[in-house]
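Subject: Structure for your review

Dear colleague,

Please find below the structure I promised to send you. My notes on what was found in it follow directly after.

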Amino acid sequence: MKKYWKSPEELKYGLNLNQEEEFEMDHKNAVIDLFEKDIPEKTTSRRNFLKLMGFSITAASVVASCKRPVQKAIPYLIKPEEVTPGNALYYASTYFDGTEYGSILVKSRDGRPIKIEGNKLSGISAGKTSARVQASVLSLYDEARYKGPMISGVESDWDKVDAEIITKLAAIRKKGGKIALLTGTVISPSTIKVIESFRESYPGTEWIQYDPVSFAGMLIANKKSFGLQQIPNYRFDRADLIVSFSADFLGTWLIPVPFTKDYAKNRKLDNGKRNMSKHIQFESVLTVTGSSADKRIPVKLSEEKIIVANIYNLLAKKAGASLVKVPKSKVNVHALVKELEAHKGKSLVVSGANDVETQLLVNRINYFLKNYGKTIDFNKPLNIRKGLDADMENLISEIENGKIDGIVFYNVNPLYNYSDKDRFENSLDKVSLQVSLSTSPDETSLMVDYNCPDHHYLESWNDAEPVKGSFSLAQPVTHPLFNTRQAQDSLLKWSGNDLKYHDLLQQNWEEKLFQLQDRESDSKKFWIRSLQDGVFTVSPSGGTENSPEWIFNNDFSEISSVSEGLELVLYETVALGDGRNANNPWLQELPDPVSKACWDNYLNVSPAFAEKNELQNEDVVEIAGLKVPVFIQPGQAEGTVSLALGYGRDNTGKVANKTGVNAWPLVTVKDETRQYSIGEVKVSKTGKKHTLALTQTHHSMEGRPIVRETSLEEYLENPAAGNESHAEAEKNKVSLYKDVKFDGHHWGMAIDLNSCTSCGACIIACQAENNIPVIGKKEVRKRRIMHWIRIDRYYSEDPEQPMVLNQPVMCQHCDNAPCENVCPVSATMHSNEGLNQVAYNRCIGTKYCINNCPYRVRRFNWYKYVENDKFDYNQNSDLGRLVLNPDVVVRERGVVEKCTFCVQRIQEKKLNAKLENRPLKDGEIEPACVQTCPSDALVFGDLSDPDSKVSRMFKSERNYHLLEDLHTLPSVGYLTKVRNVEKTHGEDKKDVGHA
């Protein structure tokens, strides 16, 4: 039987019972701490007994005499017509932070945005969102935001700021000086018009787009290959064979939400489907994408180029094209090339390397395989990640040489994420005018003369064209909370343009985009309809679905061999990305999909490297001038270590400050592109320890069979392959309970393990919907994390090259729930619709239900997390609490809580159907996790309806339940994971692997 494990320690030593005992003792000490610190060291005495009893009786008396605090409410003097107290309003809008895009619906209660949903009318994100998009609503209520304009760090007013800036801009223009407008990637057509207007007013303006995580290598390669400086759209839903080289397209690469949606379509085996895509991943860092692959090959980052070149040579030889001088790869790729050739037009090769020559080779491989116009679409290219690294380098050289007189920073923070920030900072002294449009304090805005804070995106008008021909609108869903001003309005003001950005935006849509549609005959109606829908799509003019013309002369340089030294690889995390969201506590406490750690970055090392160098988890080591804790990560490629970017912020907010280390200074520039790896590094021990907030050892399942998998070959022979024990459990079930029958609804959820990528979007969506508190690093270390849904990650096979299985686990809403019959006050009970409920005001915190739950999904409020300075996060301020959902009660100390299947949403949809005198539709009710899941891995519905999708999934031969032998009758089912290999992993044919 295949062995599954969660950590190298569990694989080597098994379950650490001593650790469990220490954990329980820590919980006991939390109670003892209420009295006095030295009691555990004292012998039991009548005095201590009376002291404890006296406290208990007194506490009970105090609690009994407590009164509910008075909460004052101010009624409307004149109620807005569209507002009905208690009913939410939804506004279509757009999220784009410079890196990630989402077409969204914003849920607002009484003028307060409280939740982000996906816009189902969008052809790009298709109603789905990522963890970062979900968490973005919390940043609206960030206390660290700028409250108004500032001059040299001193609060000022807009009239004074505008007057001084306009005067200085005019002086620069008069003398023929140069102004640099440094922005992130801009995908807004209307914002581009604003920038053009600014440049017309100040002809010496140079516009530079800067992306910290750069795709310049791909842009340059595509221009050389096809004359198109664009990033194509990758159609993973059309690919039967996917080969990826360090492209984490399900996690952080380009547009992961649409990619995940398309990828999952070709991985599902529902409705009798008998084929699925095959995914092979080459990478050094174990990523979200690598954990979902059918075959993952850990390799050094420097070795990837050699592998790509070897694949190219095999294809080029048959095509009669010139070959590349390259060392022989350590990886046998002959069988892979044959497989690629068998899937011409239905394969896809992608690379995450920011290297021009690697991207040129990948382009040529896809050209040989006839993938352009099929799985690679230049007809609808992506507009994101447009920055060229050479432009940024030229700008800094110009600043150093005194050629730049003024600089405006918009949605960029180079003094944090530019590799040589000291060089940049020192050169800024030569610039007479320095302006930042940053919404919140960052390392760059703190160093400039003028801070002109932009609105939060939920306070702003805007538009976006993330994919050519696909437009979306953003509209303000609340009045500005502070004395801020939209960045576009600032640029228009300084340009001498009296037009407001909203008017320019509307004018642009009514004049330009109106001409591209045939839905409305009146431009005003077109504007209103577009604003209501939030999206508008046209067929882009020019371009075809045919392959673009190849123009590159195939003159590849000789590729050197792989260095033998240790390589350090830098990467983005799903939560923090490049670090611009570091002050968001929801994202800081989101467990990493792979390591299951939060609140820190750390040096990932392989188990073999750790053993060779006598390293343990949490040992602090020094590498490339940084001191960082070690994390032993199965799957880390031999000869490599890795470190996450996005941490180590300074003076940017109480959450982000001093959390982790800043790895951006380790980024280098080579051949006009930024490089995210360093060769020949050394690791040295410091003898110190740093405790990480790890969740990977939480909730151990004691080695019982939880995850189930099979191969596609075995599945086609027997749809129940890998799940034989389910039929055995159903056959042999014996219970003292009576059979449970439901006359009405019986709510349930099915989870397809083939689709789940462990992206974490469901966790943040649940946290936002259900007012789940942030508890901080210290409490997470004590294993008290409060998330109602967790994603267990299991390894199998070789720890140096493991396979990974991800499994979302929430309350199973058992029909024979073991938690219900042990509660002494009946606080947990079963509803007549199959929901396991908790009456919070009845719960007295005995935790019997927690002890009796075999799934470890119930959470205990050890402290009061609201209005408590010891937990100084969003729920500790009046501003931060504006994000709370009024439909869900905020739990007090001593209360148990857990997943409710978002019962408030169930009730809302039931009432709507009743008012409309109609039955509920299948799929109409979507808990927060289901609504946001990019891969549609979660399906919710009525098990009493035999035709519902969830009922059909429960009838699948792949369906099983957790711990079926206990006969708890969960209302959550799982579909066995199927890998596209010929036999179960460990016995599969060596189609790709080390020679």
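The buried residues of helix 6 are covered by elements that include helix 5 (158-174), strand 7 (179-183), strand 8 (205-209), strand 19 (462-467), helix 16 (487-494) and helix 17 (501-511). Contact here means heavy atoms within 4.5 Å; helices (H or I, at least four residues) and strands (E, at least two) are DSSP runs, numbered from the N terminus. The residues of helix 6 that are covered in this way are Ser190, Thr191, Val194, Ile195, Ser197, Phe198 and Ser201. Seen down the axis of helix 6, these buried residues fall within an arc of 155°, so they line one face of the helix. The arc is taken from the directions from the helix axis to the C-beta atoms. Buried stands for under 20% relative accessible area, exposed for over 50%, and partly exposed for what lies in between (1.4 Å probe, protein chains only).

Please note that this is a predicted model, in which local features need pLDDT of at least 70 and side-chain atom pairs count only at pLDDT 80 or more, while totals for chains, interfaces and linings use all residues. Residues are numbered from 1 along each chain as its sequence is written, and side-chain values use heavy atoms, with hydrogens and water left out.

The length of helix 6 (residues 189-201) was also checked: at 1.5 Å a residue its 13 residues should span 18 Å, and its end C-alpha atoms are 19 Å apart, which agrees. The expected span is 1.5 Å times one less than the number of residues.

Helix 7 (residues 216-226) is mostly covered, with nine of its 11 residues buried. Among them are Met218, Leu219, Ile220 and Phe226. The buried residues of helix 7 pack against strand 9 (231-234), strand 14 (347-351), helix 12 (356-368), strand 15 (376-382), helix 13 (389-400) and strand 29 (673-675). Gly227 follows helix 7 and has a positive phi, near 75°.

Turning to the strands, three of them form an open sheet in the order 2-3-4, with antiparallel pairing; two strands pair if DSSP finds at least two bridges between them. Strand 2 (89-96) and strand 4 (112-118) each have a single partner strand and stand at the edges, so one side of each is left without a neighbour in the sheet. Strand 3 (residues 101-109) pairs with strand 4 over six bridges, in the antiparallel sense. One of the residues involved is Ile104, whose bridge partner in strand 4 is Gly118.

The structure holds 43 salt bridges, a salt bridge being a side-chain nitrogen of Lys or Arg within 4 Å of a carboxyl oxygen of Asp or Glu. In one of them Lys128 is joined to Asp936, with the closest N and O atoms 3.0 Å apart. This pair links distant parts of the chain, 808 residues apart: Lys128 lies in the loop between strand 4 and helix 4 (131-140), and Asp936 in the loop between helix 27 (928-932) and strand 41 (938-942). Lys128 is buried, at a relative accessible area of 7%, whereas Asp936 is partly exposed, at 24%.

Asp792 and Arg790 also meet through their side chains in a salt bridge (2.9 Å, N to O). Asp792 counts as buried at 5% relative accessibility, and Arg790 counts as buried at 9%.

With kind regards
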